[in-house]
Amino acid sequence: MEIIRDKNPLTNLLGPLSFYKKALAIALPVMGQLLIQNMVSLIDNFMVAGLGDIKMSGVNIAGQINFVFLVLINTICLSGGIFMSQYNGAKNPAGMQQVFRFKLFFATIASLIYTTISIFFPRPFLALMVHGNIASEPIIEEGVRYMRILAFSWIPTVIATSIGSSLREIGKVKPPLIISVTATAVNTFFNWIFIYGNLGAPRLETVGAAIATIIARVVEVTIFIIYICKTKPPFYFKIIDFFKVKISLFFTILKKSALVLVSEMSWVLSETVTTALYNSRGGAEVVSGMAAGFAIANLFFVCFSGIATVTGVIMGGTLGANRLDEARIQKNWLLSGALVFGVFAGLLGLLTTFIIPIIYGNLSSEAQIVTRGLVLVNALYMPVWAFVNAQFAISRTGGDATMGAIVDLSTNTLLVIPGMFALTYLTKIGPVALYGIIKLVDFVKITICAIWLKKERWLTNLAAAYYTDETFEKMS
């Protein structure tokens, strides 16, 4: 797409309809896939909610610990994805294969470590999430049972994530969507069988939910592997070539990913701390109510991944092709589109409050009140979060991971965590209000990011450094 600078500021702020149609064509399948995946969590919540506040709380504190691990895996894939998108723009399959090796290698190591923790040492981590909660002990017991079984799903999960993210980063967004639909159907079916003991199966309750997830993840990764073996996308390589790595590129990605990791992990750890603090504001009704609220909010949070993928595919391709002036204009178009997109996502989020009595009718009335309040707060913040996610995506696509690391580390360390401790121990406000107030920090993040992006450190062709490397080109 040829882009010509226009003296009209509105033209440079908002892109043509054709640009946003292209963006939506990329974003909607990605969002559809994640929406389906989040529907699995919602279905799990719905089915487990029928077992009561305690059992649902146990599953969900395990989910909060698992969330830290999943962010780590997504960060590894995101770090590789920065390079995958640009090598795709540079038409460099050898580079894409190296990036895919990077994802598989480090994600698998992380999954092996976390599987060990989940099986042998889950209790200390789960106890942190309900410290001060009046129903902590029975909640922890349920969480331990669930977490130990679910541990066997992590290796297939990270392999599927590595493949699915790589397909999306080269613009193949429909296959991951179809595969996720299949995995969701499998998960839902086996949830129905094992949680409540249908079709002659034993009633396993929370353990049944974990078993259903394992089966779904094995089916998912099997289909992904069959798909790439048959279609052979540019990043595909034979398993015997797994260790044919370019060490210099691995170190380059690691250098970039270290900063992304600092950014993402500082964010997720601050989220974990704040979760533990608002979980202390009562009993099982708070834990289950907040968890239910996030399960619903995740349905409209999918827009963040859509924004990140669109930015990576469109701007990554533009930067990889060395069209830097075009990337400058696309940055403004993407930011404006993200803001508008966030407004619509927030409106849809407000509508989801009507499904709370239907999905979570088996939770206590106190838990449902907490759920409704949290969904409303999240919906109102959607335009803000969509915009800041676009800012982060632009910076990372150009290889500038420093911005995210500095913004997240500084705001989370200096504002979010101290602010949450102060609100928790100096006031008596409820968990939803605690959450809503502390999220005002995101306006500070937007301001810092806006100033940083003007320096254009993100305006870099990462693929150029390796594209002409003869020894690299021969490696596949």
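Which side chain meets arginine 328 in a salt bridge? In this predicted model, local features need pLDDT of at least 70 and side-chain atom pairs count only at pLDDT 80 or more, whereas totals for chains, interfaces and linings use all residues. Residues are numbered from 1 along each chain as its sequence is written, and side-chain values use heavy atoms, with hydrogens and water left out.

The partner of arginine 328 is glutamate 456, at 3.0 Å from N to O; a salt bridge is defined as a side-chain nitrogen of Lys or Arg within 4 Å of a carboxyl oxygen of Asp or Glu. Arginine 328 lies in helix H12 (residues 324-351) and glutamate 456 in the loop between helix H17 (441-453) and helix H18 (464-467), so parts that are 128 residues apart in sequence are tied together. Helices (H or I, at least four residues) are DSSP runs numbered from the N terminus. Arginine 328 is partly exposed at 24% relative accessibility, and glutamate 456 is partly exposed at 30%. Buried denotes under 20% relative accessible area, exposed over 50%, and partly exposed in between (1.4 Å probe, protein chains only).

Lysine 445 forms a salt bridge with aspartate 408, with 3.0 Å between the closest N and O atoms. This pair links helix H17, which holds lysine 445, to helix H15 (residues 402-426), which holds aspartate 408, across 37 residues. Both lysine 445 and aspartate 408 are buried.

Glutamate 141 and arginine 123 form a salt bridge at 2.3 Å, N to O. A network of salt bridges links Lys55, Glu142, Arg145, Arg203 and Glu205.

Technical notes:
Helix = DSSP H or I, 4+ residues; strand = E, 2+ residues; numbered from the N terminus.
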